[in-house]
Amino acid sequence: MPLIPRRPGAFLALILMTAAVGPWASGCRRMVKPDLGQDRTVEAGVPVDFGSQREDATAVTWDLGDGSDAETAPWVSHAFARSGTYTVRALHEGEEVGRVQLTVVPRPVLRAVPASARTVMWLPQLRGHVDRLMDFYARLVGPERAREAVESSPLLPLLLKDLEGGPDAVVDPDEGFGFFLLPEFDGVVTLLGITEPESAMRSVARELERAGHGVMPRADGSAIVEPAAGGPPMLLFEDRGYLYLAVPDLQDEEDEGATVRAQVLAIPDAEVARQAVRDSVGAGISEDPLLTELRAKVADGSMYLFSGQPPGSAREGEDAGPLRGFSASLAVMPERVELDGFLSSSTPLFQGARAPASELLKDAVLGPVAAAQLSVPPEELARLAFGAPGSARRERVVASWRREGLDVEALLKALRGDVVLRVYFDIPAFFRNFIRNKRPDLKGSIVVEAGLSASEPVRALVQKHLEGSSLRYTTQQDSEETLFRTRIREHAVELRIAPERATLLAGESLEGRPRGDVGAELRERFGGEAFSSGHVSAMVDLGRLRADLRAAEKIPGVPNALLGATKALSGALLDQITPLDSGFLDFVPVEGGGRLKGRLSLRAAQEASR
């Protein structure tokens, strides 16, 4: 019998049929090659799908490349816990039938915040930032207070412990940490980047129980947390590589039954926050147009803040108002933190009105240890003090003062729009009192000045107030000025009303002290254009106070033999109270809104070790 059929066509058909059936001639179905996609970058904690969910898809063994157990199925969804490069392979009967390379990167914290959030504060990355923040905070308030603050915060103990490393660490140091507010949830939500969801939930539960909170795990993987100090229960849950703790606000209720009802309803409220997180897809709040715009207007830092109107927050036909949002950064260095912020407005602040050119700081006693300045258009100062024109508050004030025989509108027109406060420390009086009474009682002066365009309305207001009070006072009048003197709690107080300014002095006399341009002195100390026209500025300068205490010599009434010991003791007491060297804050209207600058400095480490 010949091996080759006589009809070549039949032979060719047989070959084609055999090739088509191949290894499945025994009855197995045809294999569908698994779909692994292209090499790509994915985020840690976010599930990635491999394979096919078609009914005829073939089960394969998935080697995920990250040390996790292999799975056999036509389709698998897997979240990579840690950053790195992983090769995922599909195996069928021991042979590789597909592979893909994934680059896993940390999931940015803002992508884990729902787009509807109206306020968020965050650290983009824990590594290199949390330790500096905590070191600075511990130096500022003291190690014991810092420890108590950490222990009272639900997620911070775990965060700080895991940043030290260790085989059981579940916090991802390359991901972020933060807080956010949602319009639909009356409370705050904390989130923290993690690596192993189940382990993280267990670790947080242990930390919470150690702090005295009650933790009740639920079948869906979340947990109810009963606060140790009472109040509404919290909700702990995990989603795509981040751990969340939803903390409802404690509502003020009139009766005990209402309080109980509020606490019972708190978990459903917290479920709203959980649902918002679950429903958040893609970029979350990270690509919010306003956040992107304002983030570019502030400097880089360790911590950031954004607050704005969430999408659709204004009702149809209503004006959302001129203020659009606020963004700020906080840069942390070993001995200081610097704040850079921007307030965005759709219209010029103060309706574009100019602040007055103030003379209040140009000729004043030099060397204040604290100072503040408000320089705004006069009508804006009136708004702050009495309410907007036509408002119910303004009308009530006007009517009330009119019944007392005072003309509020005339008083408002008398204000120029500039107000300053200065605080001075009286070193000689402090040392004399310290030695005499053996107590470090503060001695100094407080000066408050307001610029005036007319003095009579102010003089009439002060006179009316003093006549209706129980204070004993004297009045001294000359051709241009009126001087009122009294004593409050054994401190001398005088108010001088001149044509262009009103000056209130409380405390020790400033006679004989050097005078000059205090605004220039403060700008040299803190930089920028602070304490000048149009700025709202404030500062406290304990570094200068420390220097003045050290420099004091030959004080009348203080024996030289005691002065050195008193200086050392007073300096040590001040250092024990606070390590603060100086604090500074300045706000000024600029194009598109307003610029906020700030700084908090600690005394140098070498100085602290003296």
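**The nonpolar core**

Guide: The largest nonpolar core holds 32 residues, and Leu 126, Leu 159, Phe 177, Leu 192, Val 204, Leu 236 and Leu 243 have the most contacts inside it. Such a core is a set of buried Ala, Val, Leu, Ile, Met, Phe, Trp, Tyr and Cys residues joined through side-chain atoms within 4.5 Å; buried means under 20% relative accessible area, with a 1.4 Å probe and protein chains only.

Visitor: Which element gives the most to this core?
Guide: That is α5, with five residues. Elements are DSSP runs numbered from the N terminus: helices (H or I, at least four residues) and strands (E, at least two).

Visitor: And what does Phe 177 touch?
Guide: Leaving aside residues up to four places away in sequence, its partners include Val 109, Met 121, Trp 122 and Leu 191. A contact means heavy atoms within 4.5 Å.

Visitor: How confident is the prediction?
Guide: The average pLDDT (the predictor's confidence in each residue, from 0 to 100) is 85 for the chain, and 89% of the residues score at least 70. Over residues 10-29, however, pLDDT stays under 50.
Guide: This is a predicted model, in which local features need pLDDT of at least 70 and side-chain atom pairs count only at 80 or more, while totals for chains, interfaces and linings use all residues. Residues are numbered from 1 along each chain as its sequence is written, and side-chain values use heavy atoms, without hydrogens and water.

Visitor: How many helices and strands are there?
Guide: The chain has 17 helices and 29 strands. Of its 610 residues, 41% are buried.

Methods:
Buried < 20%, exposed > 50% of the residue type's maximum accessible area, 1.4 Å probe, protein only.
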